[in-house]
Amino acid sequence: MKSVVSYPERGTGGDNKYRGNCSPKLLKDLFELYNPKKVFDPMCGSGTTRDVCLELGIDNEVMDLNPQYGGWDALRDEIPGVYDMIFWHPPYSNIIKYSGNMWGKPDSRDLSQIPLSEYPEFIKKLNLIQKRLFTSLRKNGRIAILVGDIKKNGRLYSIQRDMAWMGTPEQVVIKTQHNCWSNNNQYNGNFIPIVHEYLIILKKTSCSILPCNISVPAEINWKMEPRLTWRTAVRVALEELGGQAGLTELYKELSGYVATKQHTDPKAKIREILQTKPEFYSLKRGIWGLRNVA
Ligand SMILES: C[S@@+](CC[C@H](N)C(=O)[O-])C[C@H]1O[C@@H](n2cnc3c(N)ncnc32)[C@H](O)[C@@H]1O
């Protein structure tokens with residue numbers, strides 16, 4: 001296995017009609033690399049992990065909320081054993097719905113019922129499940145998480161970036177995607193179709209303490225930035241005012257910026273910036289505009 005893998009032929013095991021299924025070849029490469037004694041898959045879908053384990057003679061347990069695999073809820077139900085390898089392939093929010101679509105009736109415990117509008121809630125649940133899964137890993141055991149990015153309405157939802165990484169990060173493998181439904185879509189404009197997924201491999205190197213990166217959404221407020229240059233501050237203020245403004249408005253807006261507070265004559269400084277930097281232009285006396293591209 002290298003850090004980029006590609007399996008144009010899916011291989012046998014699991015069910016290629018189960019939407020969002022993964023290639024058995026990926027699992028074969030993974031298990032042959034690490035030689036696990038006992039594997040767990042908490043969201044086994046069509047049973048790809050089980051089939052690969054059977055082929056390789058590896059002891060395994062596989063579960064899913066799908067009643068065919070126990071109706072087992074990764075968020076609440078007891079994890080049945082102790083493992084040295086967990087392969088986890090969660091839904092990508094509601095991009096493919098499982099309950100009420102691939103099996104049974106819609107089930108509120110199904111992660112694929114969480115809409116993208118509730119993406120933080122989806123990430124929170126992934127993190128809770130990841131934490132639970134770690135409790136069932138032996139020391140020096142590994143969890144390999146297969147996740148993708150989602151692009152919707154011009155926004156990127158990068159699950160691998162937003163979810164927590166627990167344990168010691170060991171490897172990220174990029175897996176190119178083949179035969180997925182969205183590959184048939186025609187895109188125009190500046191849309192870049194996503195044709196890869198990530199396999200994130202994390203190791204449990206210590207028993208009682210779990211290193212963990214949790215990314216917390218934060219905001220940068222330029223008005224509170226002490227190291228903002230005058231040039232940037234004037235541009236941000238003008239953008240904030242809609243791209244055109246009078247000097248009085250600009251003076252008022254910029255008086256709220258921490259970076260500009262110390263100056264002895266801020267009004268003169270603002271005028272100097274407007275008159276000397278090419279991104280600003282004068283519409284008429286006392287009114288300034290911002291060029292689209294300076
Ligand atoms: C991407 S699919 C896994 C596909 C699988 N790797 C395969 O090759 O077929 C994700 C699975 O997560 C299951 N799932 C969703 N929420 C769950 C939950 N709370 N507990 C357990 N399984 C869940 C879905 O039923 C679905 O089968």
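User: What share of the residues in the protein chain count as buried?
Analyst: Of its 294 residues, 30% count as buried. A residue is buried if 20 or more other C-beta atoms lie within 10 Å of its own, exposed if 12 or fewer, and partly exposed in between, with C-beta atoms placed from the backbone. This is a predicted model: local features need pLDDT of at least 70, side-chain atom pairs count only at pLDDT 80 or more, and totals for chains, interfaces and linings use all residues. Residues are numbered from 1 along each chain as its sequence is written.
User: Which domains is the chain divided into?
Analyst: Domain 1 covers 4-213 and domain 2 covers 222-290. These bounds come from an automatic or database domain assignment. Their centres, taken over C-alpha atoms, are 49 Å apart.
User: Switching to the core. Which residues of the largest nonpolar core touch the most other members?
Analyst: Val-39, Ile-86, Phe-87, Trp-88 and Ile-143, out of 36 residues. A nonpolar core is a set of buried Ala, Val, Leu, Ile, Met, Phe, Trp, Tyr and Cys residues joined through C-beta atoms within 7 Å.
User: Which element gives the most to this core?
Analyst: β5 does, with 6 residues. Strands (E, at least two residues) and helices (H or I, at least four) are DSSP runs, numbered from the N terminus.
User: And what is Ile-86 in contact with?
Analyst: Beyond its neighbours within four places in sequence, Phe-40, Leu-133, Leu-137 and Ile-143. Contact puts the C-beta atoms, placed from the backbone, within 7 Å. There is also a second, separate core of 11 residues, with Trp-288 one of them.
User: Last one. Where does Asn-35 lie?
Analyst: In the loop between α1 and β2. Asn-35 has a positive phi of about 50 degrees, though it is not a glycine. Asn-35 is exposed, with 10 other C-beta atoms within 10 Å.

Methods. Two residues are in contact if their C-beta atoms, placed from the backbone, lie within 7 Å.
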